[in-house]
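Please walk through the structure shown below, taking its sheet, its nonpolar cores and its aromatic rings in turn.

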Amino acid sequence: MLKFFFSTCLSFLAFAGFAQISGILLDEKNQSLPTANVVLYKGDQIMAGASTDLDGSFQIKSPAPGSYRLEISFIAYEKLVRNISIPASQKLDLGRIGLKPDKSSVLEEVNVVGEAKLFEFEQDKRVFNVAKDITSVGSNASDILNNLPSVAVDVEGNVSLRGSGNVRILINGQPSALVGSDPAAALRQLQGNVIEKIEVITNPSARYDAEGEAGIINIVLKKQDRAGLNGSFDLSAGYPDLYGAGATINYRKNKLNFFTNLSFQYNKSPGGGKSDQKFNLPDTAYSFIRERNQLRGGSNATIRFGADYQLNDEQSITGSFLVRPSLGHNTVDLNYRDLDANGNQVRLINRFDDETETQTAYEGSINWQKTFNGDDKHKWTADFRYSVEDDREQSTITQDTLGRPGQLIQLVDNLEYQSSYLFQTDYVHPLGEKKSYELGSRATLRTIDNDYALDDVLSDGSLLADPVFNNRFNFIENVYAAYGIYNGTLRESVTYQLGLRGEITDLTTEVQNDTVNQRSYANLFPSAFFTYKINPLSDIQVSYSRRISRPGFRTLAPFFGFSDNRNFYSGNPAVNPEFTDSYESGYMRYFEKGSLYSGIYYRHRTGVIERITIVEERNGEEFTRFFPINLAVQDAYGLEFNLQFKFTKWYDLNANLNLFRAITVGDYEGTNFGAVNNSSTARLINRFNFWKSDLQITFNMRGANQSAQTRSLGIYTLDLGWSKDVLKGNGTITLAVRDLFNNRIRRYYTNGNVANGGTFDTFGTFQWRQRQITLNFNYRLNQKKARPDRSSGGGGYDGGEF
């Protein structure tokens, strides 16, 4: 693998030069025209292209001398078409070129911006523009993430990237209380109408946190800065129960800009599942069937406001504050049918959990930025962020056994409080047009205090504390980091970036104010990127980075959740971090009507964290416990393809396919937990424009997966979305259906060994929530919908650099 990457890099140096065409584009007043498109054609084929600089100048390259057609276009100006001949000297200076205004084009007095594409591919990340996804209206962050290329969200809400669940989730480029210690639950509460875009970084450089084996997902919240008063307002209603409202507002005057995001949602999501668990013990055999029905929901809100102030021409400061209160009410109704070896029912138990969850998160941040000599690329930034989160879950659990008098009543009180501080500074210094160095440092200080109490209610009404499930757990993690990056060129067509990041981690966990586990480790994380621009329409990039996945609070906490007293999810305070060496190579090709990305990647992981299932005995009965351990090694290989293509004016396609194979080797207490997983994910997004409206049909596929003990079957879903502009373009009505055929259901089979001898098998299904239908109305104040971009089609070449 290493030989492949080195040989690819060396081959870049052997490529021949290009012919060069240059010129300066001016308007009717001899003023420069920046960002205009200059495209070189050979017949109907695009050969090269560029976008004019701020002074109107441009330079493009042609593969060879000869005859070509040059087309220059700029909004509100007539297109210029000129036949040119490139001499054998391979240099052609067209001098000053003038464009005439297009008198038929009447511009409204609004900001004119290009329409963002659904997906955009940048050098080190992929960008998903949420507003362009019709099916995302009324959705939360978890739903939106499930529409991203190579990202999958399972029915429990766990996020994975390219088949790995070890992914780092950031808000506005930094850790945030909006994600918290339980990302799956937090992402369901973050409403889509406050999200601007989502960035997926599969092989992050030293500039980013080293946390996250598979990469980073960065959620960028909305913040507008248009002059005057502007706003966007949303109302949503859906079935099952879903009601929401949101607003994004800004007011800008001179050097001051105020902005705010508001959202509120109430929902109820029914779900459930069924499992059949069999035990084959040395002296007996029995089984039980479990049926689960749940109703989860409640209300939550997000209130965010802040201001930007331009201190002078080179300095600005931004401050923001966020609060997110939520009140949840969840019920779980469990029925156990205990069967003997012959399949005869011997006992029927009903267990009902009525839970109320109150949660409040606060977050404040300050950002300072300074540029030097009017150069936006030469800058120094400093950030401070403080967040606190208070989460309390209180449950009343009742259990009845058919034919047996009396009722078991249990009370659960789970209190979790966390706080975090972030200090960060970054400096970027250009060393010419394509060279620069970057320096930065960061400190993240995080504390979580969890107090879990389980009490049995006795016949006289008094409480008896459970000695096993009463526990206090403290988690303190401080991470100190510094990095340096150098960006350079080997020749005009080859650029590279070399980086090194150092991180020191101090981790302390304490159980029951008694057992203290302190760990401290320092690590270096190198990164390297080489990009070879074959021509303006295609390039190849190879990259390497080293990553870490630290065990988080949920991985280390002794246990959490008691709804199902036969199946427990717990942590393991002895788990250590895992490390990953990640290699990737990708080829990007732009066409007149689209683009194609093809990539190959390889990850080598050590100390792999894997959650396993074991059966233990308590009070004479077996129960299942799910907890994490460190295995030895995993090698993962994959291929990824992303296609964007505009077939006609009324139909364009976005397609993604990810094929991967992961081989895990390791054992625990003498039992082999190795596995080979061959799987895939695919996504097809079809967009149709007709009758002044848009229709989107999205097909999602998540292939079957194999872990150490569990085989999960594939999941196939279809989403629909339709939107139409109203009120002279100031409003939009959208109807969306997620999981049209209501088949986003996990189907799985688990088998393993029982602690005292024997085996167990489990067949099960689970659906977190049912099909969702949502109707949304969006109204824009002093805003116009973005105009179509000047490129030929969805995802095609737009004249810019790649």
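Glu 71 faces Val 81 of strand 6 across a strand pairing. The model in which this is seen is predicted. Strand 5, residues 66–73, and strand 6 run antiparallel and are joined by seven bridges. In general, strands of a sheet pair through backbone hydrogen bonds, in either a parallel or an antiparallel manner.

Both strands belong to an open sheet of four strands, whose order is 3-2-5-6 and whose pairing is antiparallel. Strand 3 (45–51) and strand 6 (80–86) are the edge strands, each pairing on one side only. On average, neighbouring strands of this sheet are turned by 25° against each other, direction ignored.

Next come the nonpolar cores. The largest of them has 24 residues, and those with the most contacts inside it are Leu 145, Leu 148, Val 151, Val 159, Ile 195, Ile 198 and Ile 219. At least two residues of this core come from each of helix 2 (141–145), strand 10 (151–153), strand 11 (159–161), strand 12 (167–171), strand 13 (195–201) and strand 14 (215–221). What does Val 151 touch, leaving aside its neighbours within four places in sequence? Its contacts are Leu 145, Asn 146, Val 159, Ser 160, Leu 161, Val 200, Ile 217 and Arg 683. Another core, of 22 residues, lies apart from the largest one, and its members include Ala 48, Phe 74, Leu 94 and Leu 99.

The aromatic rings form 27 pairs. One of these, Phe 627 with Tyr 668, is edge-to-face, with 5.8 Å centre to centre and 70° between the planes. This pair links distant parts of the chain: Phe 627 is in strand 33 (residues 621–630) and Tyr 668 in strand 36 (residues 667–668), 41 residues apart. Phe 627 counts as buried because its relative accessibility is 3%, whereas Tyr 668, with a relative accessible area of 25%, is partly exposed.

Phe 647 and Tyr 651 form a stacked pair, 5.4 Å centre to centre and with 15° between the planes. Phe 647 has 40% relative accessibility and therefore counts as partly exposed; Tyr 651 has 16% and so counts as buried. Ring pairs also link both residues with Phe 645, Trp 650 and Phe 688 into a cluster.

The charged end of Arg 625 sits over the ring of Phe 627, 4.3 Å from its centre. Lys 370 lies over the face of Phe 372, at 5.0 Å from the ring centre.

Technical notes. Residues are numbered from 1 along each chain as its sequence is written. This is a predicted model: local features need pLDDT of at least 70, side-chain atom pairs count only at pLDDT 80 or more; totals for chains, interfaces and linings use all residues. Side-chain values use heavy atoms; hydrogens and water are left out. A nonpolar core is a set of buried Ala, Val, Leu, Ile, Met, Phe, Trp, Tyr and Cys residues joined through side-chain atoms within 4.5 Å. Buried means under 20% relative accessible area, exposed over 50%, partly exposed in between (1.4 Å probe, protein chains only). Contact means heavy atoms within 4.5 Å. Two strands pair if DSSP finds at least two bridges between them. Axes are lines fitted to C-alpha atoms, for helices over the stretch in contact, and angles run from 0 to 180 degrees between N-to-C directions. Rings of Phe, Tyr and Trp (its six-membered ring) pair if their centres lie within 6.5 Å; planes under 30 degrees apart count as stacked, over 60 as edge-to-face and the rest as tilted. A charge sits over a ring if NZ of Lys or CZ of Arg is within 6 Å of the ring centre and within 35 degrees of the ring normal.
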